[in-house]
Amino acid sequence: MSEVVLKMQGIIKDFPGVRALNNVNFEARSGELLALMGENGAGKSTLMKVLSGVWPYPTYEGDIYLRGERVRFANTKEAEAAGIGIIYQELNLIPGLSVAENIFLDRQFTDAKGRINWNQTFAETQKLLTELGINDIRPTDLVQNITVGKQQMVEIAKALSLKAEILVLDEPTSALTDKEVKDLFRIIRKLKADGVCMCYISHKMEEIEQIADRIAVLRDGQTIGEVTPIADITLDQIIARMVGRDIKDMFPKVDFTPGEVTLEVNDLSVTNPDMPGSYLVKNASFVARKGEILGISGLMGAGRTELVGGVFGAYPDQTTGEVKLNGQKLEIKSPKDAIEAGIALLTEDRKALGLFLDKSISFNTTISSLETISSKVLGIINTQQERKVVKEYVDQLGVKTPSIDTVIGTLSGGNQQKVILGKWLNSKPDVFILDEPTRGIDIGAKVEIYKLLNELVQQGVTVIMISSELPEVLGMCDRILVMCEGEIVSNFERDDAKKEAIMAYATGSA
Ligand SMILES: Nc1ncnc2c1ncn2[C@@H]1O[C@H](COP(=O)(O)OP(=O)(O)OP(=O)(O)O)[C@@H](O)[C@H]1O
Ligand SMILES: [Mg+2]
């Protein structure tokens, strides 16, 4: 077995009112990918921030050893110098700077007079990108002009330039297209072969099965069980360690009797603003019924988000086609029109939803959706009734927080997601469109979200769910549309829907 490069022992980390880490112990080896798993708020990101100097010594208790030697970092620079690279859950690049500037921030090459040697900076960047086999990013590209997936690759190139021996990846695939995930996994395998030790955080089980060598589970700030080779543990055992109980029914689907058509979309097209004459969505027509869950499947980039955005009035100047609700033709020129007509959309870009990070959970959940969109929020009074509703969602979704008055920015990533979801579930529209509703959300809470969707359809709401997780689509939807390259290419009834057939349509090989 390879050498233990990292050991964290008895780590304790407190925040006001919360013990985030409560005696965490684990070790990781060179050339392995160690998956760190656990529910939202279990302490995964916090643990990695302790490792990387974001939370410096002595703001935590316990000890960190690198190759047997105790280290105590005062800041992230010291951790970097010791060979620890980290790619955060929230990306950390500066949008207005080039790829090269971001990679060599504060470390640019200079000439004898101390002036920045741009040629060398660009050349070194190119070398790194080439080494990683990345040929669609240029050192001079501005970070704000490249996709999130590519930004992720830039973060990795940066970690590589630091000659990281330990690389932490905190939910790195949450915003990547399938192709980008493949690229990332290729790079991960290469780094593994080079002996890099990787700590990898993810809520996606399929990923863990594909690339993890061993797993460590955190629950409520504590390590549960030993670090275990992935071959020696079943999925159910991992879940039981994470959640502390068995989940019997991952997809609690209720039977559906088709109701009348509520939403009808005819010939909807969305043009591509960057490429005149081409389309993001082309001639899409579909209906959705009262009380059904309609799934929209497809690869990332297939046009699913743009389709529902078109329905929702997100890009009125690019959209043509007809949208009817309960037989009435709608004139939707903006999201506000859509919301007033009774259509709600939980977008995949959660940041754009305008969470007020420095405000409490109850504040964030009770401001109405319209006010969020226009960002004009003045004094809002939380009534007793509203507080009760917020509390119910917080309990039902298991949002890990000391209280509903806690500042939302201090919650873990997944718990922030749950709050946004609760807020939209609270708005009770006729048609509720959810774009990747369970992304970044742990397995126990996913089941709670499915139950909430069931409740909604039983109340007569039409639910439309975009999801990249096929098991979830197959498990929860009554009907499944498949999109490929901007078009709806297939429509499966629940009983006919099979994984292979959906994938064939999604990849255009059917
Ligand atoms: N800066 C902070 N201030 C106060 N509390 C915090 C802060 N950062 C994290 N916490 C709390 O510490 C606990 C662990 O959070 P952490 O972000 O480590 O969870 P996580 O396992 O990464 O979850 P997720 O899967 O949702 O990303 C949570 O209860 C969270 O609210
Ligand atoms: Mg996290």
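This is a predicted model: local features need pLDDT of at least 70, side-chain atom pairs count only at pLDDT 80 or more; totals for chains, interfaces and linings use all residues.
Residues are numbered from 1 along each chain as its sequence is written, chains are lettered from A and ligands numbered from 1 in the order in which they are written, and side-chain values use heavy atoms, with hydrogens and water left out.

The account begins with ligand 1. Its shell holds 22 residues, and the closest are Gly41, Lys44, Thr46, Ser412 and Gly414; a residue is near a molecule if one of its heavy atoms lies within 4 Å of it. Both domain 1 (4–243) and domain 3 (357–428) give residues to this shell, so ligand 1 lies between them; the domain bounds come from an automatic or database domain assignment. The elements β2 (18–29), α1 (44–51) and α14 (413–425) each supply at least two of the shell residues. Helices (H or I, at least four residues) and strands (E, at least two) are DSSP runs, numbered from the N terminus. By class, the shell comprises six nonpolar, twelve polar and four charged residues. Here Ala, Val, Leu, Ile, Met, Phe, Trp, Tyr, Cys and Pro count as nonpolar, Asp, Glu, Lys and Arg as charged, and the others, Gly among them, as polar.

Several atoms of the protein approach oxygen atoms of ligand 1. An N or O atom in the side chain of Ser412 is 2.7 Å from one such oxygen atom, and a polar side-chain atom of Ser45 lies 2.9 Å from an oxygen atom of the ligand. For Ala42, a backbone N or O atom lies 3.3 Å from an oxygen atom of ligand 1. On its own, ligand 1 has 640 Å² of accessible area, of which the protein covers 89%; such areas come from the Shrake-Rupley method with a 1.4 Å probe.

On a 1 Å grid over the protein atoms alone, a cavity is a set of points where a 1.4 Å probe fits but cannot get out, whereas a pocket is an open set with protein on both sides within 12 Å along at least five of seven lines; lining residues have an atom within 4 Å of a point. Grid points are joined across faces, edges and corners, and a volume is the space filled by probe spheres set on the points.

The second largest pocket contains about 810 Å³ of space. It is lined by 27 residues, and those closest to its centre are Asp178, Glu206, Gln210, Ser468 and Met503. Helix α6 gives the largest share of this lining, five residues. Domain 1 and domain 2 (260–342 + 430–510) both contribute to the lining, so this pocket lies between them.

Two backbone features remain. A cis peptide bond, with omega about 5°, joins Tyr57 and Pro58, and Pro58 is placed in the loop between α1 and β4 (61–66). Asp267, in strand β11 (residues 261–271), has a positive phi near 55°. Most residues other than glycine have a negative phi, and most peptide bonds are trans.

Note on methods:
A polar contact is a pair of N or O atoms within 3.5 Å; within protein, one must be able to donate a hydrogen and the other to accept it, and residues adjacent in sequence count only if both atoms are side-chain atoms.
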